[in-house]
Amino acid sequence: MHLNDRSQILLKTLVERYIADGQPVGSKALSQFSGLDVSSATIRNVMADLEHLGLVASPHTSAGRIPTAQGYRLFVDTLLAVQPLEQIQITTTHALPNDNPQHSIVAASQLLSQLTQFAGVVMTPKRSELHLKQIEFLPLGDKRVLLILVTNDGDVQNRIVQTERHFAPNELINAANFLNEHCAGKTLSNLLGWLQSDVIRVKQDLTSLMNAAVAVSSNLNSEHMVIAGEHQLLGLHDFSGDMQRMRQLFELFEQKTALLQLLEQGHHAEGVQIYIGGESGLAPLDECSVITAPYQVNGEVVGTLGVIGPTRMAYERVIPIVDITAKLLSSALSN
């Protein structure tokens, strides 16, 4: 879509004023902030043309106009000036912890939310087939057992298992010894096959414990995501009047599957990706924008992170925040 210079300036001014104030923008404000020496009548004519093109809309309660998703898209693609690094106050002092990959990922989601005041999301890397290193059981009483599972990459997972009967401490020690003898070094797929074999049938009492270990292993291998700052969206004026939309949005955060599929698209793209309104293909995000960027481990793209907020966001500031955070996370996860 080609606009002349005057139309571009007025559209850019309108989007910037609406992002800043959250109120429909009238001819007087456009004349004041655009720097153009044109009459109010000329501005109204340009606005009518932009509305006809679907770039702006007129709310029923105001003579001013607001940008549409298509207007935001044109603004982001052709009119936006991204802020320099020093202006968005994110530097190497925000370096993420590199002691543990999960710590780095959680910190990245929190940093995104902290700097943008929106929801920060990080899709965690798909993990290669894990090998089990060690399994331990500790009695907790009331037919509950603490399962401790250690993988070959040093990750430690704890789960409380509800058993069908009480296990004495020595029974749990014997069970752990038995399972470590047969499971140490096995992958999850090996473990699943072994569970169904004649070996486990000899030890019927271990079935509930073994099922718990398999369930934990399965969770370790499944792709998931970390979300921080969802509550930030509750306080935004853009969403405050539509509780139904907020419920749908939080259901999307809770279920995660559809959101993961959206982030997966960014996994295969180069650089920052921006989904405005309905471009995401997810109804709960029709009034939202999602900005994503892939991150790497030792030069290989392994996941995607991003920000979810209203379409009325400061794109010139949020885009570099997402881009830089992806680079910070890549650095923290790489050797």
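1. Helices here are DSSP runs of H or I with at least four residues, and they are numbered from the N terminus. On that basis leucine 14 lies in helix 1. The structure discussed in this note is a predicted model.

2. Overall content. The chain comprises 13 helices and 10 strands. It has 335 residues, and 45% of them count as buried. Among contacts with a separation of 6 or more, 60% are between residues 24 or more positions apart.

3. Leucine 14. Beyond its neighbours within four places in sequence, leucine 14 contacts Val25, Leu30, Met47, Val56, Arg65, Ile66 and Pro67. Phenylalanine 33 is 19 residues from leucine 14 along the chain, and the C-alpha atoms of the two are 8.9 Å apart.

4. Helix 1 against helix 4. Helix 1 covers residues 5–21 and helix 4 covers residues 69–79; their axes come within 10 Å and cross at roughly 110 degrees. Angles of 65 to 115 degrees count as roughly perpendicular, and helix 1 and helix 4 are therefore described as roughly perpendicular to each other. Their crossing is left-handed. On the helix 1 side the contact is made by Gln8, Leu11, Lys12, Val15, Glu16, Tyr18 and Ile19, and on the helix 4 side by Gly71, Tyr72, Leu74, Phe75 and Leu79.

5. Helix 13, length and cover.

6. Helix 5 against helix 13. The axis of helix 5 (residues 101–116) and that of helix 13 come within 10 Å, with a crossing angle of roughly 165 degrees. Because that angle is over 145 degrees, helix 5 counts as roughly antiparallel to helix 13. The crossing is right-handed. Helix 5 makes the contact through Pro101, Ser104, Ile105, Ala108, Leu111, Leu112, Leu115 and Thr116. The partners in helix 13 are Arg317, Val318, Ile321, Val322, Thr325, Leu328, Leu329, Ala332 and Leu333.

7. Backbone at glutamine 117. Most residues other than glycine have a negative phi. Glutamine 117 is not a glycine, yet its phi is positive, at about 65 degrees. Where is glutamine 117 placed? It sits in the loop between helix 5 and strand 3 (119–123). Its relative accessible area is 42%, which means that glutamine 117 is partly exposed.

8. Backbone at lysine 143. Lysine 143 has a positive phi too, about 60 degrees, although it is not a glycine. The loop that holds lysine 143 lies between strand 4 (132–141) and strand 5 (144–151). With a relative accessibility of 41%, lysine 143 is classed as partly exposed.

Note on methods: Residues numbered from 1 in each chain as written. Predicted model: local features only at pLDDT ≥ 70, side-chain atom pairs only at ≥ 80, totals over all residues. Heavy atoms only, no water. Helix = DSSP H or I, 4+ residues; strand = E, 2+ residues; numbered from the N terminus. Buried < 20%, exposed > 50% of the residue type's maximum accessible area, 1.4 Å probe, protein only. Contact = heavy atoms within 4.5 Å. Axes fitted to C-alpha atoms, helices over the stretch in contact; angles between N-to-C directions. Parallel < 35°, antiparallel > 145°, perpendicular 65-115°, else oblique. Left-handed = near helix turned anticlockwise from the far one by under 90°.
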